[in-house]
Amino acid sequence: MDLDVFIDRHRESWQRLDHLVRRSRKLSGAEADELIELYQQVTTHLSVVRSQMPDPATVERLSALVAQARSVLTGTHTPAWRTFTRFFTHRLPAAIYLGWRWWVPAGIAFYLVTGIIAAWIASNPDVQASIAAPDEIREMTRVGGGYESYYSSDPAGSFAAKVWTNNAWIAAACLLLGVLFAIPPVYLLFTNALNVGVGIGLMFGAGRGGVFLGLLAPHGLLELTAVFVAAGIGMRLGWQVIDPGKRTRAQALATEGRSVVAVALGLVVVLLVSGVLEGFVTPSGLPTWARVGIGVVAEVLFLLYVFVIGRRAARQGETGDMDASEREDVAPVAV
């Protein structure tokens, strides 16, 4: 492509954009629309020059022009509180809702695998003996034993912080490592199902399964749902590597990756709530029905948040991605 021909073809557009930028405070409505359109076009021109004919002088000229135009267009910024509110009322719930076809089946599969493992261990003394020595199992499952004392092993505040940090790392691993063909989230889900299944199986084998579920439910319902969301969204990200659809693989990963970041930030808050429940409610002296009831309420509120608020936001066009104004602006243009 000839640089001089390209410059001659688009010089008037660049001059017109420069003119509109210089008198930006006196623009009519039509001129403001023209400014936006020209800004998008010149942004694309800059991209073309950089990639196909990187002339330093032209790149510098267009970069300065694009920067000035962007400054005009973004001169009135959105207050931080409004961005924060919109994130939790639109972007986050929509991102989680739009991924439900991934994380709901992941959750169902988790509970099925956990149930099968637990039933197998509870009904087979030989399997229990292969997990640990009989004395060790009795120590873990007795009244006040390892499974019960675990939740009061540290002061409530520090225990909640430790649980929150650990679960946040697991969720982050599911989300970010999902790009590796969705394999890590599947592995992490299975290992968690195995651990939970072993605990339930050993406690039911000792005739104390109800006690264990009473300890697990207050925090576990919300905590596990957050892990399912992380794993499901992570697997959806990994699927973009395998099948990006009509988009290029880079475009698909960029779009899904921005949604993954939104979900990761939101799950930090969700896991904080489950950590507080695990640190303060699970080991509390409340009756079992009250502790389990608190866990059920937390889970129902989260599901309503996703399937009511998130669904409404998705129907309004929210995708969980950044706003268009925050992404790179490009417009098709003949060159």
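Axes here are lines fitted to C-alpha atoms, for helices over the stretch in contact, with angles between N-to-C directions running from 0 to 180 degrees. The model is predicted: local features need pLDDT of at least 70 and side-chain atom pairs count only at pLDDT 80 or more, while totals for chains, interfaces and linings use all residues. Residues are numbered from 1 along each chain as its sequence is written, and side-chain values use heavy atoms, with hydrogens and water left out.

**View A. Helices α9 and α10.** The axes of α9 and α10 cross at roughly 145° and come within 8 Å. Helices are DSSP runs of H or I with at least four residues, numbered from the N terminus. I170, A173 and C174 of α9 make the contact (heavy atoms within 4.5 Å) with P185, L188 and N192 of α10. By class, this contact has 5 nonpolar, 1 polar and no charged residues; Ala, Val, Leu, Ile, Met, Phe, Trp, Tyr, Cys and Pro count as nonpolar, Asp, Glu, Lys and Arg as charged, and the others, Gly among them, as polar.

**View B. Helices α1 and α2.** Helix α1 (residues 3-22) packs with helix α2 (residues 29-52) at an angle of about 140°, the axes being 9 Å apart. That makes α1 oblique to α2, where oblique covers the angles left after under 35 degrees (roughly parallel), over 145 (roughly antiparallel) and 65 to 115 (roughly perpendicular). On the α1 side the contact includes F6, H10, W14 and L17, and on the α2 side it includes L35, L38, Y39 and V42. The residues of this contact divide into 11 nonpolar, 4 polar and 3 charged.

**View C. The largest nonpolar core.** A nonpolar core is a set of buried Ala, Val, Leu, Ile, Met, Phe, Trp, Tyr and Cys residues joined through side-chain atoms within 4.5 Å; buried means under 20% relative accessible area, exposed over 50% and partly exposed in between (1.4 Å probe, protein chains only). The largest has 56 residues, and I96, V229, V263 and L267 have the most contacts inside it. Elements giving two or more residues to this core include α4 (80-98), α11 (209-242) and α12 (249-281). The largest share, 14 residues, comes from α11. Leaving aside neighbours within four places in sequence, V229 is in contact with I96, W103, V263, L267 and F302. Another core, of 19 residues, lies apart from the core of this view, and I7, V48, L65 and V66 are among its residues.

**View D. Residue T288.** T288 is in helix α13. T288 is partly exposed, with a relative accessible area of 40%. T288 and V260 are 28 residues apart in sequence and 36 Å apart in space, C-alpha to C-alpha.
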